[in-house]
Structure formats: structure tokens, C-alpha cells
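Student: Hi! Could you walk me through this structure with me?

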Amino acid sequence: METLTSAPGRRRTPVRWWNPPGTPEAAFAALYETYAAGLTRQAFLLCGGDARFAARAVERGFQRCWEEWPAVAADDDPPARVRAAVYGYALSPWHRLRPWGRPRPLLPALLALPPHRRGTVVLHDCAGVGLARTAAETEATEPAALARLLAARAALPAGMPPLPALAAAAPSRTRRPDAVRRAGERSTARRTAACLLLTAATLTAMTASVLSTLR
């Protein structure tokens with residue numbers, strides 16, 4: 001199995017991923033420290049040059065994987081699962097409506113690409129994922145993935161620097177893995193509490209409605 005380095009567009013010697021010793025928290029930290037910077041650069045391209053949202057996409061992707069950690073740790077390729085979560089968050093159309101605003105994109109040509117083409121070209125040309133794996137990760141056939149890739153390349157301006165060069169120049173500062181993990185745990189706890197409150201309120205309303213009909 002092939003494992004990507006954190007540097008965009010480069011690969012290291014194929015290794016078998018992944019069974020580091022220690023606690024789940026230590027394993028999560030190792031995964032984060034190895035891949036977060038590279039994924040932040042890729043997310044920067046996916047978001048059209050929005051560094052703030054790129055950092056958020058990477059943190060949310062890792063937090064989602066922490067929520068599913070036993071399954072992620074047992075997966076044949078945990079980095080690919082994190083990457084899928086990051087790409088999914090970064091390419092979701094709803095983030096255009098996010099309440100903290102949307103800065104002017106630094107890379108409008110990339111942002112103008114349809115999400116499926118943008119994800120395909122960044123995954124293949126920047127992350128260095130082969131066509132067959134790109135097709136699998138984008139849930140497309142190889143001919144469809146190739147068509148998306150060629151269409152995306154054709155739509156980008158002729159004088160635009162290569163995607164690996166743009167990614168290498170992108171901001172890649174990341175928070176500590178324990179800070180990201182704990183923020184995700186707090187967010188999960190808040191969502192759980194909100195769901196419990198909503199369930200309790202619904203049951204109370206239903207009980208009141210039943211009692212009123214019996215009077």
C-alpha cells in the first residue's frame with residue numbers, strides 16, 4: 001500500500017500503514033502531525049485560497065475521524081479516511097453560507113471549478129494520488145475521473161503556477177493535535193446535549209398533548 005507524505009505532490013517509499021504503539025490519543029497525534037500540514041495546503045486550494053476555512057476543514061476532518069477512531073485505526077489506510085473527511089468538508093456547498101463570512105478568494109480560477117472537478121484535480125495533481133485511487137476516492141469510474149481531471153486542467157488559466165507550487169506556498173500552520181482533539185470532543189458533547197434537550201422537550205410536549213386529550 002502506498003502512503004503519501006505531507007509534502008504536496010511527493011511520495012515516499014511504500015509502507016504498510018499503520019499500527020503505532022501507545023494510546024489512541026498518541027496514535028491520533030501521530031496521524032495528525034504527519035498529515036495535517038499537507039492536508040492544510042490541499043484544503044487551501046480546495047477553498048480557493050481561503051486559509052482560515054482550509055484550517056477549519058482540516059481540523060473538522062480530523063475531529064470526525066477521532067469520533068470514529070476505532071474504525072479509523074483499524075482501516076487499511078487511515079490517512080485516506082482523514083483526507084476524504086477533509087475534502088468532503090472543504091467542498092461542501094453549504095460552507096458558502098457560513099456565518100463568519102467569506103473573504104475574497106485568492107484563487108478564483110480554482111474556486112470557479114465545479115466541486116467534483118476541483119477535488120479531482122487537487123487530489124491527483126497536488127496530493128499525487130494515482131488515477132485509479134482518485135476515481136475510487138471521488139466515487140467515479142476511471143474514465144469519468146480522467147474526464148474531470150482533463151476538464152479541470154483545461155479550465156485553469158494557462159499562466160497559473162502548477163498546483164504543487166501553489167500548495168507549497170500556502171499557509172500550513174496547524175494547532176496542536178491535543179487542542180484539535182479536545183475541541184472536537186467539546187463540540188460532540190455540545191451536540192449530544194442539544195439532542196438530549198430536544199428529545200426531552202419533544203417527549204414533554206407529546207406527554208402534555210396526550211394528557212390534554214384525556215381530560
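Student: Is cysteine 47 buried or exposed?
Tutor: Cysteine 47 is buried, because its relative accessibility is 5%. Buried means under 20% relative accessible area, exposed over 50%, and partly exposed in between, with a 1.4 Å probe and protein chains only. This is a predicted model, where local features need pLDDT of at least 70, side-chain atom pairs count only at pLDDT 80 or more, and totals for chains, interfaces and linings use all residues. Residues are numbered from 1 along each chain as its sequence is written, and side-chain values use heavy atoms, leaving out hydrogens and water.

Student: And cysteine 126, buried or exposed?
Tutor: Buried too, at 0% relative accessibility.

Student: New topic: how many salt bridges?
Tutor: Eleven, each a side-chain nitrogen of Lys or Arg within 4 Å of a carboxyl oxygen of Asp or Glu. One of them joins arginine 175 and glutamate 59 at 2.9 Å, N to O. Arginine 175 sits in the loop between helix 9 (163–168) and helix 10 (177–214) and glutamate 59 in helix 2 (residues 51–67), so the pair ties together parts 116 residues apart in sequence.

Student: What counts as a helix?
Tutor: Helices (H or I, at least four residues) and strands (E, at least two) are DSSP runs, numbered from the N terminus.

Student: How accessible are arginine 175 and glutamate 59?
Tutor: Arginine 175 is partly exposed at 39%, while glutamate 59 is buried at 17%.
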